[in-house]
Amino acid sequence: MADRHSSNPLSTGSLLSNNPSCEWGKGQPFEKVIDSPEAMAALIANPQLFRHAIAIIEPWKHVGCNPLGEEVRASVNVAYLAQKVADCDSILFPYWASGPLDLERLIPVISSGLAIVVEGGDPSVRNPSTFAGASCSHQDLLRLSEQILLSRTPASAPAIFICLGQQLAAQAIVYLSVSSGIAGRSAGGGLAAAPFL
(Lines give C-alpha, C1' and ligand atoms only; values in the text may rest on other atoms or scores of the structure.)
Protein backbone atom coordinates (compact mmCIF):
# COMPACT_ATOMS: atom_id res chain seq x y z
CA MET A 1 0.00 0.00 0.00
CA ALA A 2 2.46 2.58 -1.21
CA ASP A 3 -0.26 5.17 -1.87
CA ARG A 4 -2.30 5.84 1.25
CA HIS A 5 -4.06 8.95 -0.02
CA SER A 6 -5.85 8.01 -3.25
CA SER A 7 -9.44 6.78 -3.38
CA ASN A 8 -8.16 3.28 -4.26
CA PRO A 9 -4.86 2.50 -2.55
CA LEU A 10 -4.67 -0.97 -4.11
CA SER A 11 -2.68 -1.22 -7.30
CA THR A 12 -4.87 -1.55 -10.34
CA GLY A 13 -2.30 -3.46 -12.36
CA SER A 14 -2.55 -7.21 -12.68
CA LEU A 15 -0.31 -9.27 -10.44
CA LEU A 16 -0.65 -12.16 -12.82
CA SER A 17 0.90 -10.74 -16.01
CA ASN A 18 3.94 -13.01 -15.48
CA ASN A 19 1.85 -15.96 -14.30
CA PRO A 20 -1.69 -15.95 -15.78
CA SER A 21 -2.24 -19.60 -14.78
CA CYS A 22 -1.72 -18.76 -11.07
CA GLU A 23 0.66 -21.67 -10.54
CA TRP A 24 3.28 -21.90 -7.83
CA GLY A 25 6.83 -21.83 -9.16
CA LYS A 26 5.81 -20.35 -12.54
CA GLY A 27 6.27 -16.62 -11.84
CA GLN A 28 5.36 -13.73 -9.59
CA PRO A 29 3.76 -13.55 -7.08
CA PHE A 30 3.99 -17.35 -6.70
CA GLU A 31 7.66 -17.88 -7.50
CA LYS A 32 9.00 -18.91 -4.07
CA VAL A 33 8.51 -22.64 -3.46
CA ILE A 34 10.59 -24.55 -0.90
CA ASP A 35 10.20 -28.19 -1.89
CA SER A 36 13.60 -29.70 -1.16
CA PRO A 37 16.52 -29.47 1.27
CA GLU A 38 18.45 -27.62 -1.46
CA ALA A 39 15.71 -25.00 -1.82
CA MET A 40 15.63 -24.70 1.98
CA ALA A 41 19.41 -24.10 2.07
CA ALA A 42 19.05 -21.40 -0.60
CA LEU A 43 16.31 -19.71 1.43
CA ILE A 44 18.36 -19.79 4.63
CA ALA A 45 21.24 -18.16 2.74
CA ASN A 46 18.92 -15.24 1.87
CA PRO A 47 17.23 -14.12 5.10
CA GLN A 48 15.86 -10.97 3.46
CA LEU A 49 13.50 -13.26 1.52
CA PHE A 50 11.83 -14.91 4.50
CA ARG A 51 11.92 -12.06 7.01
CA HIS A 52 9.56 -10.00 4.86
CA ALA A 53 7.25 -12.80 3.72
CA ILE A 54 4.38 -15.01 4.82
CA ALA A 55 5.20 -18.71 5.12
CA ILE A 56 2.37 -20.83 3.69
CA ILE A 57 2.42 -24.50 4.62
CA GLU A 58 0.33 -26.83 2.47
CA PRO A 59 -0.43 -30.11 4.25
CA TRP A 60 -2.34 -31.39 1.20
CA LYS A 61 -2.32 -30.73 -2.54
CA HIS A 62 -5.71 -29.01 -2.58
CA VAL A 63 -8.60 -27.99 -0.35
CA GLY A 64 -11.31 -29.37 -2.63
CA CYS A 65 -12.72 -28.77 -6.08
CA ASN A 66 -14.56 -25.78 -7.50
CA PRO A 67 -17.83 -26.11 -9.50
CA LEU A 68 -15.77 -26.78 -12.65
CA GLY A 69 -14.13 -29.79 -11.00
CA GLU A 70 -10.73 -28.06 -10.75
CA GLU A 71 -8.62 -28.62 -7.66
CA VAL A 72 -8.37 -25.48 -5.52
CA ARG A 73 -5.13 -24.49 -3.84
CA ALA A 74 -6.06 -21.99 -1.15
CA SER A 75 -2.40 -21.03 -0.84
CA VAL A 76 -2.77 -19.18 -4.15
CA ASN A 77 -5.57 -17.07 -2.67
CA VAL A 78 -3.57 -16.28 0.48
CA ALA A 79 -0.48 -15.32 -1.53
CA TYR A 80 -2.46 -13.21 -4.00
CA LEU A 81 -4.29 -11.29 -1.26
CA ALA A 82 -1.10 -10.75 0.75
CA GLN A 83 0.60 -9.33 -2.33
CA LYS A 84 -2.36 -7.24 -3.50
CA VAL A 85 -3.39 -5.79 -0.14
CA ALA A 86 -0.10 -5.55 1.75
CA ASP A 87 2.58 -5.81 -0.96
CA CYS A 88 3.81 -8.85 0.96
CA ASP A 89 5.60 -11.82 -0.58
CA SER A 90 4.70 -15.41 0.24
CA ILE A 91 6.82 -18.54 0.40
CA LEU A 92 5.15 -21.90 -0.17
CA PHE A 93 6.19 -25.03 1.71
CA PRO A 94 4.23 -27.86 -0.03
CA TYR A 95 4.73 -30.51 2.66
CA TRP A 96 2.43 -32.95 0.84
CA ALA A 97 4.87 -32.96 -2.11
CA SER A 98 8.25 -32.26 -0.52
CA GLY A 99 7.89 -34.44 2.52
CA PRO A 100 9.14 -33.30 5.90
CA LEU A 101 11.94 -30.77 6.03
CA ASP A 102 14.49 -30.49 8.84
CA LEU A 103 12.42 -28.87 11.63
CA GLU A 104 15.52 -27.49 13.36
CA ARG A 105 16.15 -25.44 10.22
CA LEU A 106 12.55 -24.80 9.15
CA ILE A 107 11.00 -23.52 12.38
CA PRO A 108 13.44 -20.61 12.95
CA VAL A 109 12.97 -19.53 9.32
CA ILE A 110 9.18 -19.49 9.29
CA SER A 111 8.98 -18.05 12.82
CA SER A 112 11.06 -15.03 11.83
CA GLY A 113 8.83 -14.06 8.91
CA LEU A 114 5.67 -11.93 8.94
CA ALA A 115 3.21 -14.78 9.51
CA ILE A 116 2.76 -18.54 9.23
CA VAL A 117 -0.36 -19.89 7.53
CA VAL A 118 -0.99 -23.63 7.79
CA GLU A 119 -3.55 -24.40 5.09
CA GLY A 120 -6.30 -26.99 4.82
CA GLY A 121 -6.83 -30.12 2.81
CA ASP A 122 -8.92 -33.24 2.37
CA PRO A 123 -7.44 -35.63 5.01
CA SER A 124 -8.80 -35.92 8.53
CA VAL A 125 -6.62 -35.99 11.64
CA ARG A 126 -9.02 -38.60 13.04
CA ASN A 127 -7.95 -41.03 10.32
CA PRO A 128 -4.19 -41.11 9.62
CA SER A 129 -4.76 -43.39 6.62
CA THR A 130 -6.35 -40.43 4.78
CA PHE A 131 -2.84 -38.99 4.43
CA ALA A 132 -1.83 -41.89 2.16
CA GLY A 133 -0.42 -40.75 -1.16
CA ALA A 134 1.35 -37.69 0.25
CA SER A 135 5.09 -37.43 0.81
CA CYS A 136 4.46 -36.63 4.47
CA SER A 137 2.49 -38.56 7.03
CA HIS A 138 -0.06 -37.53 9.61
CA GLN A 139 2.73 -37.79 12.21
CA ASP A 140 5.07 -35.55 10.15
CA LEU A 141 2.41 -32.84 10.02
CA LEU A 142 1.58 -33.25 13.69
CA ARG A 143 5.27 -32.82 14.62
CA LEU A 144 5.42 -29.70 12.45
CA SER A 145 2.31 -28.26 14.12
CA GLU A 146 3.70 -29.02 17.58
CA GLN A 147 6.97 -27.28 16.76
CA ILE A 148 5.19 -24.21 15.37
CA LEU A 149 3.16 -23.97 18.60
CA LEU A 150 6.20 -24.53 20.83
CA SER A 151 8.26 -21.91 18.97
CA ARG A 152 5.83 -19.09 19.77
CA THR A 153 7.32 -16.06 21.47
CA PRO A 154 6.17 -12.44 21.67
CA ALA A 155 8.56 -11.65 18.81
CA SER A 156 7.79 -14.61 16.52
CA ALA A 157 5.46 -14.62 13.53
CA PRO A 158 1.79 -15.17 14.32
CA ALA A 159 0.52 -18.57 13.21
CA ILE A 160 -2.84 -19.04 11.51
CA PHE A 161 -4.18 -22.58 11.20
CA ILE A 162 -7.00 -23.09 8.67
CA CYS A 163 -9.23 -26.15 8.20
CA LEU A 164 -6.94 -29.22 8.31
CA GLY A 165 -4.25 -26.95 9.78
CA GLN A 166 -6.58 -26.13 12.66
CA GLN A 167 -7.32 -29.82 13.22
CA LEU A 168 -3.58 -30.50 13.36
CA ALA A 169 -3.05 -27.62 15.80
CA ALA A 170 -5.85 -28.84 18.06
CA GLN A 171 -4.48 -32.38 18.05
CA ALA A 172 -0.97 -31.04 18.71
CA ILE A 173 -2.25 -29.06 21.72
CA VAL A 174 -3.87 -32.18 23.15
CA TYR A 175 -0.72 -34.27 22.61
CA LEU A 176 1.49 -31.56 24.10
CA SER A 177 -0.84 -31.20 27.09
CA VAL A 178 -0.89 -34.94 27.73
CA SER A 179 2.88 -35.31 27.33
CA SER A 180 3.51 -32.42 29.72
CA GLY A 181 1.02 -33.70 32.28
CA ILE A 182 -1.32 -30.68 31.96
CA ALA A 183 -4.22 -32.84 30.82
CA GLY A 184 -5.03 -35.87 32.86
CA ARG A 185 -7.40 -38.77 32.70
CA SER A 186 -11.03 -38.43 33.63
CA ALA A 187 -12.63 -40.64 36.26
CA GLY A 188 -13.86 -42.96 33.48
CA GLY A 189 -10.32 -43.45 32.14
CA GLY A 190 -10.78 -41.25 29.03
CA LEU A 191 -8.73 -38.20 28.24
CA ALA A 192 -9.86 -35.17 30.22
CA ALA A 193 -10.11 -31.85 28.39
CA ALA A 194 -6.91 -29.86 28.35
CA PRO A 195 -7.22 -26.33 29.70
CA PHE A 196 -6.53 -23.44 27.34
CA LEU A 197 -3.15 -21.89 28.02
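Hi everyone, let's start with one side chain: arginine 143 is partly exposed, with a relative accessible area of 39%. Keep in mind that this is a predicted model.

Which residue does arginine 143 meet in a salt bridge? The partner is aspartate 140, and the N to O distance is 2.8 Å. Both residues sit in helix H6, 3 residues apart, which is about one turn of the helix. Aspartate 140 has 14% relative accessibility, so this residue counts as buried.

The whole structure has 4 salt bridges, so let me show you some others. Glutamate 58 pairs with arginine 73, and their closest N and O atoms are 2.6 Å apart. This pair links distant parts of the chain: glutamate 58 is in strand S1, while arginine 73 is in the loop between S1 and helix H3 (74-86), and they are 15 residues apart. Is glutamate 58 buried or exposed? At 2% relative accessibility, glutamate 58 counts as buried, whereas arginine 73, at 27%, is partly exposed.

There is also a salt-bridge network, linking Glu31, Lys32 and Asp89. Lysine 32 is buried, at 15% relative accessible area, and glutamate 31 is partly exposed, at 32%.

Now, the inside. In soluble globular proteins, nonpolar side chains tend to be buried together. Here, the largest nonpolar core has 29 residues, and the ones touching the most other members are Ile34, Ile57, Phe93, Leu106, Ile110 and Ile148. Several elements give two or more residues to this core, including helix H1 (37-44), strand S2 (89-94) and helix H5 (103-111). H5 provides the largest share, 4 residues. If you click on phenylalanine 93, you can find its contacts beyond four places in sequence, among them Ile34, Met40, Leu106, Ile110 and our friend Glu58.

Apart from that core lies another one, of 12 residues, including Trp24, Ile54, Ala79 and Ala115.

Ala115 brings us to strand S3. Ala115 and Val117 point one way from S3, Ile116 and Val118 point the other way, and all are buried. S3 pairs with S1 in the parallel sense over 4 bridges, and isoleucine 54 stands opposite alanine 115. S3 also pairs in the parallel sense with strand S4 (residues 159-161), over 3 bridges, where isoleucine 116 has alanine 159 as its bridge partner.

Val174, Tyr175 and Val178 make a nonpolar patch of about 210 Å². Tyrosine 175 belongs to helix H7 (residues 164-180) and is partly exposed, at 36% relative accessibility.

Technical notes: Residues numbered from 1 in each chain as written. Predicted model: local features only at pLDDT ≥ 70, side-chain atom pairs only at ≥ 80, totals over all residues. Heavy atoms only, no water. Patch = residues over 30% accessible without salt bridge, like charges linked within 9 Å, V, L, I, M, F, W, Y side chains within 5 Å. Areas by Shrake-Rupley, 256 points an atom, 1.4 Å probe, with all protein chains shown as cover. Salt bridge = Lys/Arg side-chain N within 4 Å of Asp/Glu carboxyl O. Buried < 20%, exposed > 50% of the residue type's maximum accessible area, 1.4 Å probe, protein only. Core = buried A, V, L, I, M, F, W, Y, C linked by side-chain atoms within 4.5 Å. Contact = heavy atoms within 4.5 Å. Pairing = 2+ DSSP bridges.
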